[in-house]
Structure formats: C-alpha cells, structure tokens
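Hi everyone, thanks for coming. Let me put the structure up, and then I'll walk you through it.

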Amino acid sequence: MILSASQVSWSAGGTEILRDITLAVEAGEFLGIIGPNGSGKTSLMALLSGIRKPRSGEVMLDGAPIGSLGRRAVAQRLALVEQQAETGERITARQAVEIGRTPYLGPLTPWSAEDDRIVDAALANVDMAHLAGRTWHTLSGGERQRLHIARALAQQPDILLLDEPTNHLDIGHQISLLDLVQRQELTVVAALHDLNHAAMYCDRIAVMQSGRLAALGRPRDVLSVELIRDVFGVDAEIELDEGGLCHLRFLTQRSQGRVKAVRPALRSALGS
Amino acid sequence: MSRVPHSTGRTGAGLAALVILVAALWMGAAIGETSIPFSTVAQTIANRLWNAGYPLEPIDEGIVWSYRLSRAVIAAACGAALALSGVVLQSLLRNPLADPYLLGISAGASTGAVSVAILGVGAGYLTLPLGAFIGAVVAFALVSLLALKAGRGTAAIILAGVAGSQLFNALTSFIVTKAATAEQARGIMFWLLGNLSGVRWPDAWLAVPAALVGLVVCIWHARALDAFTFGSESAAALGISVRRTYFVLVGIAAMMTAVMVSIVGSIGFVGLVIPHAARLIVGVRHGVLLPASALIGAVFMILADILSRTIIPGQVLPIGVITALVGAPAFALILAQRRERA
C-alpha cells in the first residue's frame, strides 16, 4: 500500500462531493476509477494527488499524511495528468515535457545534461521524439495527451494519476494510450469512462456512485449486471473470455428488439 | 533553442543586454531639441560621477545630467517594471491580454496616489508610492473578485478590468475636481496621462530599486511561472505552492506598477505589448523571457520618451500618448490573432 485514502470527505460550495471514501492503492497495480458523470472521480483524483485537502479523513503517501509532505516531495513521487489541460502559449512539445522537471529544480539549480536525458527518454517513451520541435497548438489531441504523459514521466514518479486520459480521443488513440500507460510498470490510478477499457486494463476497479465508493475489487468480481444497472442505469450482458477478462455488452431498446415493436404502433398512431 | 543557455552564453547575453541598455540611455541623453554630442554626454557623466573636470558648457551639462539622463533612467526603470508586471500577470492569469493598465491596477494606483496627495489620506504616514500601492492592491482584489463572479474566463477578467478602471478613474476625477485647486488639477490631469516631464534624480532612487527588486523576485520564480503553462492545478501537481506564488508575484507586480504610477502616472500598453514582442524574439521560457522583457521594455520607454520630446517641435507629448499609439494597434493585433487560433 503506497497511496491510500481513509474516510475522506470533500465538499465544494456547501455541496458534498465525496463522502467517506476509503481505499488503498497497492504498489504496481493499475487501479481504475469508474462512475457516472458527477460521481466524484475528478475530485477523488485531486484529493489523492494532494492538490486539494479533504474536509475530513486523510490521504497517506508512503505512510505519511500527504499534507505533511512538501508539495515538491509529493511531486517527485506522484504525477497527475489532468483532464484536457490546455495552453495558449506558443510552447514546443519538448518544452511541455521539460516542465515535468520542475519538482527537481530550485530557482538557482541549472538545467543539466541529466535533465535533458530524462526529457529525451520521456519523449521517446511516448513515441513523440520526432515531433519534439512542434508547437503545442499544431498537435492533435492524441499527441497532446501523450505529451502530458511524457511530462508526468519526466517527474520520475512512482505513481501516475490519470484523470480520464482518453477523453475525446478516437478508439485507436484510446487503446494505444492505455497500452502506453500499462507498459510503464508504474503504479497507476486512472479515472476511466469506458467500462470495457477499465475491465481490460485494470487490476482492480473502484466504482463511484454519487460521491461514495460503491464497490472495489477485481473487474470480474465487481462488474456485475446488477451493479451496472444500479450505478449507470443501463442493462448489460457480461462475458468472461478464456483469459479471465470480462467484456460488457450494453442492451438498448434496439438490441432487445423493442424498437421494432414500437414503430408500427407509432405509425398507426400518426394515421399513415 | 529550448535549452537554457550555458553559463558562458548567459554571461554573454547579460553583457550584450547591458551594452544595449547603456546605448539607449546614452541616446536618451544626447537626442532632443538641442542635440548634444555623445562625447559631451560621456564627459558629463565622468564629471558628475568621478569629478573628472572636463571643461563643458554648464547649460549642456545641466540638460544632460539634470534633465535628460534622469528622465532616461526613470523611463528605463518604468518600462522594465511595467513589462515584468505584464509577463507575470499574463502567465499567472493565463491571459494574453492581462496588463496592469487593462486590469485596472494602474487606475487603482492613481486613485491611491491622488487620495494621499490631495485628500491627505494617511495624515503624513502614507507616502505617495505607498498610497498608490494600497490603491493598486485594492483595485486588483476588486477586479479579481468581479472576474470570479463573472465566471473566470479570459473575457471575464478583461471586462472586470474595464469596469474597475472606469470606477477608479471616476473616483480619481471626483477627488481631483472636488478637492484640488485649479492649478493642482491641471498638473494631476497631465500626470494621469503618463508623463515624464517632472521627474528628477530623487525619483530614480525609488524607480530603479523597485525595478531591480522586481526583476530579481520575478526571475527567482521563473521556473514556477513555467509550471503555470497548463494552469494552476497543473502547477500545484508539479510541486509549486500556488497560493504563495500568486501572493508574491501579484504583490510584486502591484508594487512595481504602484511605484511607477506614483512617479510618472499610468502609462498604458507597455505591460501588454512588450511581453508579446519578447516572446516572439526569445520564446516562452520565463528564465529568458523575464530579463528580455525587462530589457525591451526599458529600451522601448527610452525611445518613446525621445519621440515624445522631439515629435512636435517646442512641445512635449505625454509619453502615455506615444505608448498608446503603439500599443492600441498591437492590442488589436493580439485580439485578431487569438480569434484565428481559437
């Protein structure tokens, strides 16, 4: 257990956003956080990264309360990739990654060859070395997201926190980004939208429902027809493949043949 | 290009900057309605600083030392300080249109200065610059609050700045009209436009240290400012204490603006335009951008001052008129560019 939350609650503007969340992240695991919009995924990421303080409860990093560690010390162990962080600056791809060295550089520390090496490695790692000189606003959404990950890697963290990293990417980029994250062999906590992706990539899944932790465990144990209906309000079928991975198929009116039954009735109602 | 230059390169760049600055100051002292040879300027400085004892026309020496050189030095400090404030505000607020003038900080400083000068607020305990500083901080707080209520956003803070500027300018006019004598009022109205005419050496003893302290504090936070590229949450995740950085840097920007306003009045657009020019030349990394902006701002103001003294023979334009004539079109250009990119 390297990062944990015990009974943390958080509220904003009088509205309770998170209530009594307790979870522990194990070293080396890929923990997914899923839940409907507004269920508190992003807030939980902010608390786990230490950039927000819980109203009650405590987040612990390596056995110490995260608030008691300096911001810099935290940033050297834990990197956060926010949802859709953008900039209007004419910054190059490489410069965007260089910012990741901030936690290691004081006002008077010179930029070193070692920093260059780390940035080069991070760019190569996310397969962006060939675009290092391009300016930010000429890059595609997928490329920008890779650079955010490279910046996080340049922080040389033990833990990577990702807030919906695949938002607004096409399916090819979604899969390649998650593959990229998985092969880092870091401890990863990622808020994910797509339940199938969560099932495919995560060792464990935490399910959020209106600010509470509804379930926590291996995908095959957690993802049940009842839970998905209860939390997301959709019917689903779940299949386990030979590798033990589960796959979800969502049932809609159309897939259940109800639409066809409705249409003739509609037609006669319209009198045609 | 992205690399921070090596120490030899940095020393070289520093020396080049110093040479450029000295050359600009020299021009500021030599060029004017009566042009004075560069050698006379050098001899005057030698006489005044080291008692070199060159035989010179007392009138020439007087013009160079008491009039033009003090003016050029203050113009340089003022340009550097306003440009630095602009860089800091633009980076912290992530808003390319942020500038002490547009955000109402200059207007607040004017109100503060006028309150002390005319109403006698602070009963002798508050000096003019301190009054200006309080006005600047109050104005920024008010504008920030208004912008927060209006929904953050780039446009919100500019609109809030417009409202704040109008409010504080109105307050200033009200105070001036109600309490000042006709002669005071004329002087203040001229000063409000941004004017270097009345400045003398004692003012430089305030302006130069303010600009230098500002430069050092800003450069000390250069890496922190880089970390704000993707927003304050991203900066926090990179180990920056966001609140402290805001506090220190907005405070230093308000201090620099206040000092300059108390000496030369509110000069617009320097804080807006110079940082953008500097970014085009040296890029966006603050380690280079901050000193470059300070240098370009200093040189620009010295040149603008020369222009304001020579463009209409026998007349001196307020320098704010020159900076606005250059700055307003540049402002329009930045707006148009933003629209293209969005």
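I'll take a helix, then a loop residue, then the contact between the chains.

This is a predicted model, so local features need pLDDT of at least 70 and side-chain atom pairs count only at pLDDT 80 or more, while totals for chains, interfaces and linings use all residues. Residues are numbered from 1 along each chain as its sequence is written, with chains lettered from A and ligands numbered from 1 in the order in which they are written.

Let's begin with helix 6 of chain B, residues 154-179. Helices here are DSSP runs of H or I, at least four residues, and strands are runs of E, at least two, numbered from the N terminus.

Now, A:Pro157 sits in the loop between helix 5 and strand 7 of chain A. Is A:Pro157 buried or exposed? It is buried, because 21 other C-beta atoms lie within 10 Å. A:Leu186 is 29 residues away in sequence, yet 8.0 Å away C-alpha to C-alpha.

Finally, the contact between chains, counted when C-beta atoms lie within 7 Å, takes 24 residues from chain B and 25 residues from chain A. Helix 10 of chain B gives the most to its side, with four residues.

Terms used
Expected span 1.5 Å × (residues − 1). Buried ≥ 20, exposed ≤ 12 C-beta atoms within 10 Å, placed from the backbone. Contact = placed C-beta atoms within 7 Å.
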